[in-house]
Amino acid sequence: MDSVDRISDLPDDILAHILSFLSIKEAVHTCVLSKKWRNIWCYMPVLEFDFKRFYQDQTAASYGEVLQRCEVKFVPFVRGVLQNQEARLDKFKLQWYMPCTFDTTKSVAEVILDGIKFKPRVFSVNFCRCYIQDFDLYPIFTCASLEDVTLELMGDFIAPNSVNLPNLKRLKISLERIDDDIIDKIFLGCPSIEEKSLFESHLCTSRISSNRLKKLVVDNCYIDEERWLDISTPSLLHLEIAYKSGLHSISSENLTSLTNACIDLQLPRGSKQATADDLIVLNCLSNATSLALRIQESKESVVKINEKIKGDNSNHPSFPKLKYLRVEWCMDYFGFDLIALFLQHSPMLQKLIIELHDYIKNVTKKSSDLEEPKDVLLQRDHLETVMIVRSKLEESKKIADRLVNSLNAHVNTIGEIITKIEFSILRL
């Protein structure tokens with residue numbers, strides 16, 4: 001029985017879509033299959049160029065030789081694909097991780113702008129450690145078709161004179177420096193923006209203000225010690241914050257719609273910013289129904305916070321709507337007090353997950369030394385499940401057992417306590 005090529009009988013647009021799931025080089029190689037396939041790759045709606053993957057495909061005697069070959073071959077390959085592109089793009093993505101010469105930077109900048117000419121809906125560029133400040137990327141900020149943009153441009157990036165992206169809904173941006181001028185231009189020129197992510201950047205801005213924003217992520221950014229970041233986003237539903245300066249640098253009085261929050265509270269060892277107010281800032285999350293809190297503690301910071309927790313509770317954070325809470329922290333420092341704080345001020349809590357850290361070199365207390373809370377906690381009528389995640393270390397087991405005893409002794413109506421064992425991740 002003769003074999004039948006049913007795939008080739010499919011319409012060209014479906015074949016082009018199928019090729020989008022291959023790498024660019026693999027897709028181009030399909031041109032040799034038959035006359036039918038000769039130009040199918042020219043109609044792919046998605047083009048993704050990854051210098052790192054291109055680099056891995058090369059064989060050479062040294063890193064320098066490989067880098068030189070890639071600089072010679074990668075840009076001409078991208079340019080050749082774009083020159084043969086016959087259809088409008090849905091997505092254009094280019095990733096360049098390596099340091100490069102001025103001439104190479106110029107060539108990469110040119111193919112980036114060539115990609116914009118195809119009016120993609122999704123646009124993503126990672127262009128690091130290059131002479132990006134010497135080239136005009138203004139067309140990126142005036143492409144009306146863009147709805148989803150990721151820009152990672154390391155170097156002395158010069159902000160455009162204006163931004164005009166009327167259909168942009170999602171923006172993820174990483175720059176050497178993000179100031180008020182850039183933030184203001186983005187919100188002014190992106191009237192439809194709903195999701196914004198700032199990552200791995202030096203934040204020199206004092207405010208993020210938008211009536212439309214629904215999701216905000218501040219990830220691994222640095223804020224100067226003397227600077228405050230004021231967030232005013234009344235429509236915000238989801239907030240993620242993890243950066244290097246301590247949460248006390250953030251203030252907010254207008255998160256009335258917030259439902260989900262993920263906070264990585266980093267308390268740098270010996271930092272001047274490690275104050276008892278680091279936890280009090282959680283007051284701005286009082287409307288959240290779901291909260292994930294990770295505390296990377298230093299000994300100095302935790303001493304101050306513990307004093308605040310045990311002291312006057314008139315300024316303690318309150319979470320009247322909170323139903324789901326995930327806390328990742330070191331009980332060797334906090335004992336039961338931090339959990340008690342949330343249980344006392346979260347009357348609707350249904351599920352609590354506690355992940356215990358193992359800080360072997362920083363342990364200051366043994367499990368037998370941990371203090372019991374002095375006050376009996378309120379009855380938690382809605383609390384259904386408590387999950388404790390610990391390591392295989394014997395000390396971790398003792399701490400988990402003591403935590404279970406504290407919960408049973410001081411919290412009523414816990415439906416179920418589950419202890420889960422995971423491999424220990426040592427933070428030395």
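Student: How many residues does the largest nonpolar core have?
Tutor: This is a predicted model. Residues with the most contacts inside the core include Phe49, Phe123, Leu285 and Leu407. In total, the largest nonpolar core has 105 residues.

Student: Which helix gives the most to this core?
Tutor: The helix in question covers residues 337-344. Six of its residues belong to the core. The helix is α10.

Student: Which residues does Leu407 touch, leaving out those up to four places away in sequence?
Tutor: Leu407 is among the residues with the most contacts inside the core. Beyond those sequence neighbours, Leu407 touches Phe336, Ile339, Leu343, Val386, Ile388, Ile414 and Ile417.

Student: How far apart are the end C-alpha atoms of helix α5?
Tutor: Helix α5 runs over residues 102-116, which is 15 residues. At 1.5 Å a residue, the helix should span 21 Å. The model agrees, with the end C-alpha atoms apart by 21 Å.

Student: Within what arc do the buried residues of α5 fall, seen down its axis?
Tutor: Among the buried residues are Thr104, Val108, Ile112 and Ile116. The buried residues line one face of α5, because their arc is 165 degrees.

Student: At the start of α6, which residue's side-chain oxygen reaches the backbone nitrogen of Asp181?
Tutor: Helix α6 covers residues 180-189. The oxygen comes to within 3.2 Å of that nitrogen. It belongs to Asp179.

Student: What is the mean pLDDT of the protein chain?
Tutor: Of its residues, 73% reach 70 or more. Over residues 269-276 the pLDDT is below 50. Where pLDDT is low, the predicted coordinates should not be read in detail. For the protein chain, the mean is 78.

Methods. Residues are numbered from 1 along each chain as its sequence is written. This is a predicted model: local features need pLDDT of at least 70, side-chain atom pairs count only at pLDDT 80 or more; totals for chains, interfaces and linings use all residues. Side-chain values use heavy atoms; hydrogens and water are left out. Helices (H or I, at least four residues) and strands (E, at least two) are DSSP runs, numbered from the N terminus. The expected span of a helix is 1.5 Å times one less than its number of residues. Buried means under 20% relative accessible area, exposed over 50%, partly exposed in between (1.4 Å probe, protein chains only). The arc is that of the directions from the helix axis to the C-beta atoms. A nonpolar core is a set of buried Ala, Val, Leu, Ile, Met, Phe, Trp, Tyr and Cys residues joined through side-chain atoms within 4.5 Å. Contact means heavy atoms within 4.5 Å. pLDDT is the predictor's confidence in each residue, from 0 to 100. A polar contact is a pair of N or O atoms within 3.5 Å; within protein, one must be able to donate a hydrogen and the other to accept it, and residues adjacent in sequence count only if both atoms are side-chain atoms.
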